[in-house]
Amino acid sequence: MAFKYSAISDTVRRLGYDVLETPKAVLEAIKAAGYDAVDIPGDPHKIKVTALRQLIDSIGLEVAEVQGAWAFHHAGESRDLASEDEKTRQRGINYGKKCVDLAADLGAQYFEICSVQTPVPQIPFPKLPLHTLRSNFLESSREICEYAVRQNITVLFEPLNRYEAYPGVLTSVYDAINLINDLGLPNLGIQPDIYHMNIAEASIPDALIAAGKRIKVMHM
């Protein structure tokens, strides 16, 4: 892929411009703004893949990434990959695999995973021990990432701040580095977000240097 700058259509949706409701208008605006690619929200049930891909191609954009809808307020259901409830974790795993398929069908390179809080956030300390949450998240992610290898999709771990994610599971770039090292798979990367880094990292430059080539996408 040759894209350098990709617009996050899910962010635009929060301003009232839903790429899944009025795709042509939103995508043309993204192209006119100078972007060469677009991130598509992870909504496999709502997206008509063939029609959307044809439209994106006709406008001259690429699909860079499928953004996972992991938070309850996005999904309308719990997709918590770190949950102690097996049905909830399996729901998240199944959703992740469907999004990997969606990314492959749209010609995307990346799919994003994060570790979200429960519908009622457990702040400042989660109920489960950190090692249990992290172990659950690691094994859930492993199943999605191994599936993504077969689809030639790179999975990006996006650290969220401690008010939106379980503290210590994936709330810093260093957490993402450790997860990647523990998983040991060839199709993994990091997607730092400056907003979340501003809360989580002691030093943004040091964290970026530590991540190095593991960084595939930056959210600005």
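Analyst: A crossing is called left-handed if the near helix is turned anticlockwise from the far one by less than a right angle, and right-handed if clockwise. With that in hand, H6 passes H7 in a right-handed crossing. Keep in mind that you're looking at a predicted model, where local features need pLDDT of at least 70, side-chain atom pairs count only at pLDDT 80 or more, and totals for chains, interfaces and linings use all residues. Residues are numbered from 1 along each chain as its sequence is written, and side-chain values use heavy atoms, with hydrogens and water left out.

Let's stay with that pair. Helices (H or I, at least four residues) and strands (E, at least two) are DSSP runs, numbered from the N terminus. Helix H6 covers residues 130–150, and helix H7 covers residues 173–183. Their axes come within 11 Å and cross at roughly 60° (lines fitted to C-alpha atoms, over the stretch in contact, with angles from 0 to 180 degrees between N-to-C directions). That makes H6 oblique to H7; under 35 degrees counts as roughly parallel, over 145 as roughly antiparallel, 65 to 115 as roughly perpendicular and the rest as oblique.

Who touches whom here? On the H6 side you'll find Arg134, Phe137, Leu138 and Arg142, and they meet Asn178, Leu179, Asp182 and Leu183 of H7 (contact means heavy atoms within 4.5 Å). Sorted by class, this contact has 4 nonpolar residues, 1 polar and 3 charged. Ala, Val, Leu, Ile, Met, Phe, Trp, Tyr, Cys and Pro count as nonpolar, Asp, Glu, Lys and Arg as charged, and the others, Gly among them, as polar.

H7 has another partner to look at: helix H9, residues 204–211. Here the axes come within 9 Å and cross at roughly 15°, so H7 and H9 run roughly parallel to each other. This crossing is left-handed. H7 brings Val173, Tyr174 and Ile177 to the contact, while H9 answers with Asp206, Ala207, Ala210 and Ala211. The class count is 6 nonpolar, no polar and 1 charged.

Now hop over to another pair, helix H2 (residues 23–32) and helix H3 (residues 49–59). Their axes sit 10 Å apart, and the packing angle is about 30°, which means that H2 and H3 are roughly parallel to each other. H2 passes H3 in a right-handed crossing. Pro23, Lys24, Leu27, Glu28 and Lys31 come from H2, and they meet Leu52, Leu55, Ile56 and Ile59 from H3. That contact splits into 6 nonpolar residues, no polar ones and 3 charged.

Another loop, between H6 and strand S5 (154–157), holds Asn152. Asn152 isn't glycine, yet its phi is positive, near 60°. Most residues other than glycine have a negative phi, and most peptide bonds are trans.

So, back to the part you asked about: H6 lies oblique to H7, whereas H7 and H9 are roughly parallel, and H2 and H3 are roughly parallel too. For handedness, H7 with H9 is left-handed, while H6 passes H7 in a right-handed way and H2 passes H3 in a right-handed way.
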